[in-house]
Amino acid sequence: MLQCLSGSSCVRVIEGYRSTWYFLVLVLAYVLYLIFGALVFSAVELPYEELLRQELRTVKQQFLNDNECLSEERLEEFLTRALEASNYGVSVLNNATTNWNWDFTSALFFASTVLSTTGYGHTVPLSDGGKAFCIIYSVVGIPFTLLFLTAVVQRIMEFSTRRPVEYLHRHWGMSKPLLAALHASLLAIITVSCFFLIPAIIFSVLEEEWNFLESFYFCFISLSTIGLGDYVPGEGYHQRFRELYKLGITFYLILGLIAMLVVLETFCELQQLKKLRKMFYLRKQKTEDQLNIVDHDHLSFASVSDQAASFKEDKTDMFPDDVVAASPTTTSNGPMDR
């Protein structure tokens, strides 16, 4: 029993169960994190939703009181149709009729959000042909985008992470894991500054109804590809240079997504995170062929060891200890004695 516990096979079994326990703890922690998020969002947002519902009911009742010739059923029909059109990105307001959703720059912005899987949802295809093309375009475009981003990030990583860390490791003599962690932290600070803080300040100036928090919220929701769609730039009623503005936002989203992937890949290459990830991975099991090869090598080594031991025993029998121990200088008939 003790020999079995000390054997390599039992150690592999114990290690395999250990990763399984770690994985179960990870699943439990993720489920608890989901529940925690749901509880917090519900506690924070539910009162605001109730307040908004009361305000809408009050406004609706006041409107009906001021317009007694209009029935509530007719008002409901109009509001339902208006909300359906709004869900497709079309507004009934007079000051919103000048903004087209499907001019070239808006369509380019929509294509970038589809391929990056951001999907704000403020603009969607209206026709059946547009919906069918969106499906085909996404099936081809999303893997194409992943290939493009992977190739770009791989080349950027070579110059932004691997070579600088290797250069500083050779010239400064610092520990490579420590140097990689410091470099990743610095790269994260630069990325947050260039693609979150500075753009948030710019959006808070260009978008009249956005403050800094809302602008920063848009940057994070966009570059993390969450894309809720509650804040979309360039949709203001008096937005100047709207086409150029939309084009700039498209390039910002692509560059920001690349920067985010570079930072994430840099952190994923840290030795500390690699060890953490391996805790939850399944141990690679050797195939039957590999096990046969190992057993064959073990048997071959054992047979060679047995042959060497038998050869040593034969040599000992052929040359007794007193003969082997004797030297030419100690024999009585040697030339020195004569």
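Over the protein the mean pLDDT is 80, and 76% of the residues reach 70 or more.

| Stretch | pLDDT | Contacts beyond near neighbours in sequence |
|---|---|---|
| Residues 299-305 | below 50 | 0 contacts |
| Residues 315-338 | below 50 | 5 contacts |

Where pLDDT is low, the predicted coordinates should not be read in detail.

## Overall build

The secondary structure consists of 11 helices and 0 strands. Read from the N terminus, the order of elements is α-α-α-α-α-α-α-α-α-α-α. The protein has 338 residues, of which 22% count as buried. Its accessible surface comes to about 25,300 Å², and carbon and sulfur atoms hold 67% of that area. Among contacts with a separation of 6 or more, 58% are between residues 24 or more positions apart.

## Helix 4

Helix 4 covers residues 104-115, a run of 12 residues. From its first C-alpha to its last it reaches 16 Å, close to the 16 Å expected at 1.5 Å a residue. The buried residues in helix 4 are Thr105, Ser106, Phe109, Phe110, Ala111, Ser112, Thr113 and Val114. Helix 5 and helix 8 (242-268) are included in what covers them. Just after helix 4, Thr117 takes a positive phi of about 60°.

## Nonpolar cores

The largest nonpolar core has 14 residues, and within it Phe203 and Leu253 touch the most other members. Helix 6 (176-206), helix 7 and helix 8 each supply at least two residues of this core. Helix 8 gives the most, with 5 residues. In soluble globular proteins, nonpolar side chains tend to be buried together.

Not counting residues up to four places away in sequence, Phe203 touches Trp210, Ser215, Phe218, Cys219, Pro233, Tyr245, Ile249 and Tyr252.

## Two single positions

Ser160 is placed in helix 5 (residues 128-172). Its side chain makes a polar contact with the side chain of Thr161, at 3.5 Å. Leaving aside neighbours within four places in sequence, Ser160 is in contact with His183 and Val262.

Ile201 is placed in helix 6. Is Ile201 buried or partly exposed? Ile201 counts as partly exposed because its relative accessibility is 47%, which falls between the 20% limit for buried and the 50% limit for exposed. The C-alpha atoms of Ile201 and Phe216 are separated by 8.0 Å, and the two residues are 15 residues apart along the chain.

Technical notes. Residues numbered from 1 in each chain as written. Heavy atoms only, no water. Helix = DSSP H or I, 4+ residues; strand = E, 2+ residues; numbered from the N terminus. Polar contact = N/O pair within 3.5 Å; in protein donor to acceptor, adjacent residues only side chain to side chain. Contact = heavy atoms within 4.5 Å. Expected span 1.5 Å × (residues − 1). Buried < 20%, exposed > 50% of the residue type's maximum accessible area, 1.4 Å probe, protein only. pLDDT = per-residue confidence, 0-100. Core = buried A, V, L, I, M, F, W, Y, C linked by side-chain atoms within 4.5 Å. Areas by Shrake-Rupley, 256 points an atom, 1.4 Å probe, with all protein chains shown as cover.
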